[in-house]
Each structure stands twice: as structure tokens, then as C-alpha cells.
Amino acid sequence: MRVHGHSRGGAVTLEAARQRPDLFEQVEVILEAPVLPQGKPYKPVPPLARWFAPFYLFAWQQQPISPASAMIFGPLDNPRKRELIMALPFNPRFGHTFVTNMNDLAKWMDTTGSDIYQHVKYGAILVPTKDRVLQVAAMRASAQQAENLQIIDVDDCSHLVTADRPDAIPPLPGV
């Protein structure tokens with residue numbers, strides 16, 4: 001069995017393994033551009049900016065594909081990737097949820113230790129070299145603490161590894 005966690009899903013996967021290690025005994029874990037312990041956002045988000053986040057979310061919903069999107073997510077010529085980015089600003093239903101999620105992720109990254117990796121037995125962490133959502137150096141430094149997981153640097157790739165470089169995802173064993 002394989003569990004594939006992208007971005008926040010990486011943190012969710014690690015947390016699930018910590019809370020129920022028995023379920024992860026024979027699970028391969030793929031963490032794609034993941035939120036990790038001691039990770040950092042690409043750019044710091046000061047408290048005042050978090051206060052304005054609901055207004056930013058509303059503006060983003062009005063124009064999900066913009067020049068800023070291209071700076072963050074790289075080339076947007078893949079129709080599936082464009083569809084994914086068009087849906088992103090609608091994931092949180094309310095501005096308050098958007099702020100709560102940002103705060104919860106920041107707190108999780110700051111307070112979670114690298115001991116969380118002990119609950120995953122094998123798999124890989126994919127680190128995209130052109131991630132503009134999470135800080136690459138912090139992601140790699142944290143990933144190096146995961147003794148059981150292979151680190152795969154994905155060159156010239158945005159935060160959306162599966163969309164940009166599907167060839168970087170390790171094949172399923174036996175396939």
C-alpha cells in the first residue's frame with residue numbers, strides 16, 4: 001500500500017503515522033513537496049498579513065490564474081495543472097478557515113520534532129528545487145532527518161510535482 005501526501009497532505013500523513021503507527025507498518029509513504037517539521041513557508045507571513053488573508057483569498061478567488069500564479073506554480077500550459085490551480089482558492093470555504101489553516105500549519109511546523117519520522121518505514125520525500133510555496137532548504141534539512149525515507153530532488157519543478165514532473169514519482173513496486 002502507498003500513501004501519497006502532497007504539501008499539507010505530507011504533514012497529515014506524518015501525523016496519521018504518529019497517531020496510528022500500527023497502520024503504517026507496511027505502508028510506503030510518498031511525501032510530495034511536503035509540509036515537514038521545522039519547515040518554513042517560502043516567504044514569512046507576518047501576523048498583520050495573516051489578518052488581511054481573507055481579503056487576499058477573496059481577490060485570489062476572483063482571478064485564480066494570474067501572473068503571480070505563474071511565478072508561484074511555474075508554467076501553466078498543462079490543462080490539468082491549470083484546472084488544479086483554478087480550484088485552489090476555493091478549498092477553504094471561509095476566509096476564517098484560510099487563516100486558521102495558515103496558523104495551524106505554521107504551529108505544526110514549529111512544534112513538531114523530527115522524531116515523527118520514526119513512524120514511517122519506507123518511501124520517499126520529493127523536494128522540488130523551484131518550490132515557491134515552501135522553503136526548499138528547510139524542507140531538505142528536515143527531510144534529512146527521516147532515516148527511512150529517500151530524498152528525491154526534483155530539478156526545475158514547482159510545488160506541484162505530480163503536474164510538472166510525473167516521472168519523478170517513484171513507480172509502484174512490482175509495476
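His6 sits opposite Glu32, a residue of strand β2. The model is predicted: local features need pLDDT of at least 70, side-chain atom pairs count only at pLDDT 80 or more, and totals for chains, interfaces and linings use all residues. Residues are numbered from 1 along each chain as its sequence is written, and side-chain values use heavy atoms, without hydrogens and water.

**Sheet**
- β1 and β2 (residues 28–32) pair in the parallel sense over 5 bridges. Pairing requires at least two bridges found by DSSP.
- Strands (E, at least two residues) and helices (H or I, at least four) are DSSP runs, numbered from the N terminus.
- The open sheet holds 4 strands, ordered β1-β2-β3-β4, with parallel pairing.
- β1 (2–6) and β4 (149–154) are the edge strands, and each pairs on one side only.
- On average, neighbouring strands of this sheet are turned by 15 degrees against each other, direction ignored.

**Helices on the sheet**
- Helix α1 (residues 8–19) lies across β1 and β2 and runs at about 135 degrees to β1.
- Helix α6 (residues 136–143) packs on the sheet and touches β3 (122–128) and β4. Its direction makes about 165 degrees with that of β3.
- Contact means heavy atoms within 4.5 Å. Axes are lines fitted to C-alpha atoms, for helices over the stretch in contact; angles run from 0 to 180 degrees between N-to-C directions.

**His96**
- His96 belongs to helix α5 (residues 95–111).
- Its relative accessible area is 61%, so His96 is exposed (over 50%; buried is under 20%, partly exposed in between; 1.4 Å probe, protein chains only).
- The C-alpha atoms of His96 and Pro54 are separated by 6.7 Å, with the two residues 42 apart along the chain.
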